[in-house]
Amino acid sequence: MMETLSFEAAGRMLDSGRNDPFLRQLRETEENRLHITLCGAVTAPEAAHLTGDDAVDAVLAHCAPLLPDTAATMEIVFEDYILYQVRNESFCSYDPQEIRTGKYLAVFEKSKLLDYLTVTVDAGLLSLCDAPWKHYRISTQNQIIDVIAQAEPKVYR
């Protein structure tokens, strides 16, 4: 049986793991229905680090790789969205002007993407929306996924 969580509760659960989750899958199943499957991260048993360089090996001796924890999987479903984008996390920047809550699963009160929304979509259609749109961000090991949606996504674990 799947457990249903709020986006905020799922974010607190991921934050407690202290490692970015891994993106397992991102897909659309129906018109404008976005499914994002994440799993937690676990530290692998220490591996032998033999590079032949004593200085590098000394540093790597204190390191262990992170691996996907498939036992800690969750699916985030946006039943309707206005836009989403996926970026390589290496190219993302932090903007101190943006206001957000959450770390790996964040909700923005103010963001450049929200500002940009009126430039990229039909503002007349946006004005017909019953509820205000929100900016949700999902930060993973290798990707940053930004979603603008009216309704909070459903999270299943």
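User: Two strands pair if DSSP finds at least two bridges between them. In what order do the strands of the open sheet of five strands stand?

Analyst: The model is predicted. In this model the five strands form an open sheet with antiparallel pairing, and their order is 5-9-8-7-6.

User: Which are the edge strands of this sheet?

Analyst: The pairing is antiparallel in the order 5-9-8-7-6. An edge strand pairs on one side only, which applies to strand 5 (83-88) and strand 6 (99-101). From one strand to the next, the twist averages 25°. The edge strands are therefore strand 5 and strand 6.

User: Which residue of strand 9 is the bridge partner of Tyr136?

Analyst: Strand 8 and strand 9 run antiparallel and are joined by six bridges. The partner of Tyr136 in strand 9 is Val147.

User: What angle does the direction of helix 3 make with that of strand 9?

Analyst: Helix 1 lies across strand 7 and strand 8, running at about 125° to strand 7. Helix 3 (residues 112-120) also packs on the sheet, where it touches strand 5, strand 7, strand 8 and strand 9. Its direction makes with that of strand 9 an angle of about 60°.

User: Which element supplies the largest share of the largest nonpolar core?

Analyst: The largest nonpolar core has 20 residues, and Ile36, Leu38, Ile76, Phe78, Leu105, Ile138 and Val147 have the most contacts inside it. At least two residues each come from helix 1 (7-17), strand 3 (33-43), strand 4 (66-78), strand 8 (134-139) and strand 9 (143-149). The largest share, four residues, comes from helix 1.

User: Which residues of helix 1 are buried?

Analyst: In soluble globular proteins, nonpolar side chains tend to be buried together. The buried residues of helix 1 pack against strand 1 (4-5), strand 3, strand 4, strand 7 (105-110), strand 8 and strand 10 (154-156). These buried residues are Phe7, Ala9, Ala10, Gly11 and Leu14.

User: Leaving aside its neighbours within four places in sequence, which residues is Leu105 in contact with?

Analyst: Leu105 is one of the residues with the most contacts inside the largest nonpolar core. Beyond its neighbours within four places in sequence, Leu105 touches Phe7, Ala10, Gly11, Leu14, Leu38, Ile76, Arg137 and Ile138.

User: Is Arg137 buried or exposed?

Analyst: Arg137 is placed in strand 8. Among its contacts outside the four neighbouring places in sequence are Arg87, Leu105, Phe108 and Asp146. Because the limit for burial is under 20% relative accessible area and Arg137 has 11% relative accessibility, Arg137 counts as buried.

User: What length has the polar contact that joins the side chains of Arg137 and Asp146?

Analyst: Asp146 counts as buried, at 0% relative accessibility, and is among the residues in contact with Arg137. The polar contact between the side chains of Arg137 and Asp146 has a length of 2.7 Å.

User: How many residues apart in sequence are the parts that Arg87 and Asp146 tie together?

Analyst: Arg87 and Asp146 meet through their side chains in a salt bridge of 2.7 Å, N to O. Arg87 lies in strand 5 and Asp146 in strand 9, so the separation in sequence of the parts tied together is 59 residues.

User: Which residue forms a salt bridge with Glu75?

Analyst: Nine salt bridges are found in the whole structure. In the one that involves Glu75, the closest N and O atoms are 3.3 Å apart. The pair links Glu75 in strand 4 with a residue of strand 2 that is 48 residues apart from it. Glu75 is buried at 16% relative accessibility, and its partner is Arg27.

User: Lys154 forms a salt bridge with Glu79; what distance separates the closest N and O atoms?

Analyst: Lys154 is partly exposed, with a relative accessible area of 34%, and Glu79 is partly exposed at 39%. The closest N and O atoms of this salt bridge are separated by 2.8 Å.

User: Where is Asn32 found?

Analyst: Asn32 has a positive phi of about 60° although it is not a glycine. At 29% relative accessibility, Asn32 counts as partly exposed. Asn32 is found in the loop between strand 2 (22-30) and strand 3.

Methods
Residues numbered from 1 in each chain as written. Predicted model: local features only at pLDDT ≥ 70, side-chain atom pairs only at ≥ 80, totals over all residues. Heavy atoms only, no water. Core = buried A, V, L, I, M, F, W, Y, C linked by side-chain atoms within 4.5 Å. Buried < 20%, exposed > 50% of the residue type's maximum accessible area, 1.4 Å probe, protein only. Contact = heavy atoms within 4.5 Å. Axes fitted to C-alpha atoms, helices over the stretch in contact; angles between N-to-C directions. Polar contact = N/O pair within 3.5 Å; in protein donor to acceptor, adjacent residues only side chain to side chain. Salt bridge = Lys/Arg side-chain N within 4 Å of Asp/Glu carboxyl O.
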